[in-house]
Amino acid sequence: MIPTDKNCQDHLRPMKRPRNEMQEMTDLIYTYAEDVANIEDLRRRDVAASIAGEFENLKSLMDEQCIVLAPDSEPESGQAFLDRAADSSKDAKSQEQILELFQDWEELKLFGDFAYERGIVRYTVRNVDGEIVRETQRLMRILRRQDDGSWRVYRAMWHRPQEAR
C-alpha cells in the first residue's frame with residue numbers, strides 16, 4: 001500500500017544512483033578535515049581579537065542567534081554581552097589588559113551543521129591595580145556552520161575565573 005500523506009511522497013521520487021562506498025568515505029573525510037580547519041580558524045581569530053580587545057571582531061565570530069551563559073548572569077544575546085563589555089572597557093581605568101591567552105580544547109564533536117567543544121582557557125591579565133594575575137576557566141561552546149562553511153559561536157558558557165595553580 002502506498003501512503004497518501006503529502007509528507008510521505010519522497011519515496012515516489014526517483015532514487016539517486018548509488019555512490020561508491022569509497023567516494024562517500026573520501027567525501028566524509030574531506031568534509032571533516034575542512035570543518036576542523038575552519039573551527040581552528042575561528043579559535044585563532046577568537047584569541048587574537050580577545051588579546052587585542054577588538055569587540056567588533058569578536059562579535060563577527062558569533063552567530064546571529066548566539067546566546068551567552070556567563071557566570072551569575074541570565075542568558076543573553078552574545079552581541080549584547082559584547083556590547084556591554086565594550087562599553088565598560090571604554091573607561092581605561094576599569095579595563096584589564098590581557099597579556100596572554102591560551103585555549104586548550106579537550107573535546108570537539110561535530111554533528112552536521114553544529115559542533116560542541118569543551119576546554120580550558122588560561123590567561124594572564126594585568127588587572128586594574130596593575131597586578132599580574134593568572135587565571136583559568138572551563139569553557140563549553142556550541143558552534144554553528146554558516147552557509148559559507150565557516151563556523152561561529154552559537155552558545156557559550158563558562159564559570160567564574162579561578163586563580164591558576
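A residue is called buried when its relative accessible area is under 20%, and exposed when that value is over 50%. Keep in mind as you look around that this is a predicted model.

**Stop 1: a helical pair.** Select Lys59 and Glu56, which sit 3 residues apart in helix α2, about one turn of the helix. Is Lys59 buried or exposed? With a relative accessible area of 14%, Lys59 is under the 20% limit and therefore buried. Glu56, at 57%, counts as exposed. The two form a salt bridge, with their closest N and O atoms 3.7 Å apart.

**Stop 2: the core.** Now select Leu58, one of the residues that touch the most other members of the largest nonpolar core, a group of 17. Back at Leu58, look beyond four places in sequence and you will find contacts with Asp46, Ala49, Ser50 and Leu82.

**Stop 3: along helix α1.** Pick Asp41 and Arg45, whose salt bridge has its closest N and O atoms 3.7 Å apart. They are 4 residues apart in helix α1, so about one helical turn separates them. Asp41 is partly exposed at 31%, and Arg45 is partly exposed too, at 38%.

**Stop 4: between strands.** Which residue forms a salt bridge with Arg118? Select Glu107: the two side chains meet at 2.9 Å, N to O. Arg118 belongs to strand β4 (residues 114–126) and Glu107 to strand β3 (residues 97–111). Next, highlight Glu40, Arg43, Asp46, Glu117 and Arg141, which salt bridges with shared partners join into one network. A search of the whole structure finds 14 salt bridges.

**Stop 5: Arg138.** Move to strand β5 (residues 132–145) and select Arg138. Its side chain makes a polar contact of 2.9 Å with that of Glu106. Other contacts of Arg138 include Arg118, Met157 and Trp158. Met157 is 19 residues from Arg138 in sequence, with 8.5 Å between their C-alpha atoms.

**Last stop: Pro161.** Finish in the loop between β6 and β7 (162–163), where Pro161 lies. Among the residues Pro161 touches are Tyr123 and Thr136. Thr136 is 25 residues away along the chain, yet the C-alpha atoms of Pro161 and Thr136 are separated by 5.6 Å.

Note on methods
Residues are numbered from 1 along each chain as its sequence is written. This is a predicted model: local features need pLDDT of at least 70, side-chain atom pairs count only at pLDDT 80 or more; totals for chains, interfaces and linings use all residues. Side-chain values use heavy atoms; hydrogens and water are left out. A nonpolar core is a set of buried Ala, Val, Leu, Ile, Met, Phe, Trp, Tyr and Cys residues joined through side-chain atoms within 4.5 Å. Buried means under 20% relative accessible area, exposed over 50%, partly exposed in between (1.4 Å probe, protein chains only). Contact means heavy atoms within 4.5 Å. Helices (H or I, at least four residues) and strands (E, at least two) are DSSP runs, numbered from the N terminus. A polar contact is a pair of N or O atoms within 3.5 Å; within protein, one must be able to donate a hydrogen and the other to accept it, and residues adjacent in sequence count only if both atoms are side-chain atoms. A salt bridge is a side-chain nitrogen of Lys or Arg within 4 Å of a carboxyl oxygen of Asp or Glu.
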